[in-house]
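Visitor: I would like to go through this structure with you, one question at a time.
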Amino acid sequence: MKTEHEIVLETKDLNFYYGKKLAVKNITMQFPKNMVIALIGPSGCGKTTLLRCFNRMHDLYKGIKYEGEVLFHNENILTKETDATQLREQIGMVFQKPTPFPMSISENIAYGLSLKGIKNKTEQKDRIEKALKEAALWDEVHDRLDKNANGLSGGQQQRLVIARALAVEPSVILFDEPTSALDPISTSKIEELISELKSTVSIIIVTHNMQQAARISDKTAFLYLGELIEYNITDKIFTTPDNELTERYVTGRFG
Ligand SMILES: Nc1ncnc2c1ncn2[C@@H]1O[C@H](COP(=O)(O)OP(=O)(O)OP(=O)(O)O)[C@@H](O)[C@H]1O
Ligand SMILES: [Mg+2]
C-alpha cells in the first residue's frame, strides 16, 4: 500500500540573498503532491522570498543569489540549464493584487497558450472554456469573453488570473496572499476554488490570515527571520505546535 505522498517540490539547504542580505536561511522542506501548503509568519520573515525561489521569479532582478537546491520532480531547477519561462508555465504564480493583462478576457488566457505553441483557434477556444470553468468564472463571463478584463470585479480578475495559470496545465501554483485585496465573498470563492484545485495541482499559499491557513491547508510552515521554525500537519501547528515561537504566533501573542 502506498502511504507516502509523492513529492512534487523540495528544497535542500536553500539560501537566498538580495545583494549581501541573506533573506532565506538554510531551508530544507518537502511539498507533497496534491496538497495545499500554507506559509505563515510575521511580515518580513521571508515568505514571499521563499515562494519566488520556486519558479525563479527573482531572476528578473539584479544582484540576487541562490545557494542550495530546489528540486522540482527531483530535478534541481537552480541550474543554468533551467528554462525559466518553461518552468513558470509548470509552476504558475498568483499575486496579491489581481494582474490581468489589459486585453480581453479570452486574450488573457490565449496569450499563454500561444507562448506555449498552442495557436490553433479551435483548440484555444476549448482550452479557454475549460480553464474558465476550472476557475469557477465561466458562468459569470461566458457572454463577454471579448470584453476587456479590466471591467471585471477584483474577485473575478483574481479568478481570471487563476484561469490563465491553469490553462497551461501547471503542476504547482504559488499564491502570495491571493485574497488580501478581496471582499469576504470573493475570498471564500477563492478559498473554495483552491480546495477544489488541489486534486489536479499542488498549491503553496502565503497568507497572513490564520483562519484561512487553518481552513484550506493540509500542512503549514511557520517562518521567522528567514528560517523555517516548524513545518507540520496544519491541525498540529494550530493546536499543539512543538515550538514556542510558533505557538506565540498562531495564538496572536507575538512580539
Ligand atoms: N528587493 C529586495 N532587496 C533587499 N531586501 C529585500 C528585497 N525584498 C525583500 N527584502 C527583505 O527580505 C526579507 C524578507 O522579505 P519578504 O518580502 O520575503 O517577507 P514576507 O514574509 O513576504 O513579508 P510580508 O508578510 O510583509 O509580505 C525582509 O527583510 C525584506 O526587507
Ligand atoms: Mg510577502
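What follows is a conversation about the strands, helices and ligand shell.

Guide: This is a predicted model, in which local features need pLDDT of at least 70 and side-chain atom pairs count only at pLDDT 80 or more, while totals for chains, interfaces and linings use all residues. Residues are numbered from 1 along each chain as its sequence is written, and chains are lettered from A and ligands numbered from 1 in the order in which they are written.

Visitor: Which element supplies the largest share of the shell around ligand 1?

Guide: A residue is near a molecule if its C-beta atom, placed from the backbone, lies within 6 Å of it, and the residues around ligand 1 include Tyr 18, Lys 21, Gly 44, Lys 47, Thr 48 and Thr 49. Helices (H or I, at least four residues) and strands (E, at least two) are DSSP runs, numbered from the N terminus, and at least two shell residues each come from strand S2 (21–32) and helix H1 (47–53). The largest share, three residues, comes from H1.

Visitor: How do the residues of that shell divide into nonpolar, polar and charged?

Guide: Here Ala, Val, Leu, Ile, Met, Phe, Trp, Tyr, Cys and Pro count as nonpolar, Asp, Glu, Lys and Arg as charged, and the others, Gly among them, as polar. On that division the shell around ligand 1 holds three nonpolar, six polar and two charged residues.

Visitor: Why is strand S8 described as largely enclosed by the rest of the structure?

Guide: A residue is buried if 20 or more other C-beta atoms lie within 10 Å of its own, exposed if 12 or fewer, and partly exposed in between, with C-beta atoms placed from the backbone. In a regular strand the side chains alternate between the two faces of the sheet. In S8 both faces are covered, with Ser 202, Ile 204 and Val 206 buried on one side and Ile 203 and Ile 205 on the other. S8 (residues 202–206) is therefore largely enclosed, the number of its five residues that are buried being five.

Visitor: Which residue of S8 is the bridge partner of Ala 38?

Guide: Strand S3 (residues 36–40) and S8 run parallel and are joined by four bridges, while strand S7 (residues 172–176) pairs with S8 in the parallel sense over five bridges. For Ala 38, the partner in S8 is Ile 205.

Visitor: Is Leu 225 buried, partly exposed or exposed?

Guide: Leu 225 lies in the loop between strand S9 (219–224) and strand S10 (227–233), and its phi is positive, about 50 degrees, although it is not a glycine. The strands S9 and S10 pair in the antiparallel sense over six bridges. Because 13 other C-beta atoms lie within 10 Å, Leu 225 is partly exposed.

Visitor: What is the phi of His 73?

Guide: His 73 is found in the loop between S4 and S5, and 14 C-beta neighbours inside 10 Å make it partly exposed. Its phi is a positive value in a residue other than glycine, near 45 degrees.

Conventions
Pairing = 2+ DSSP bridges.
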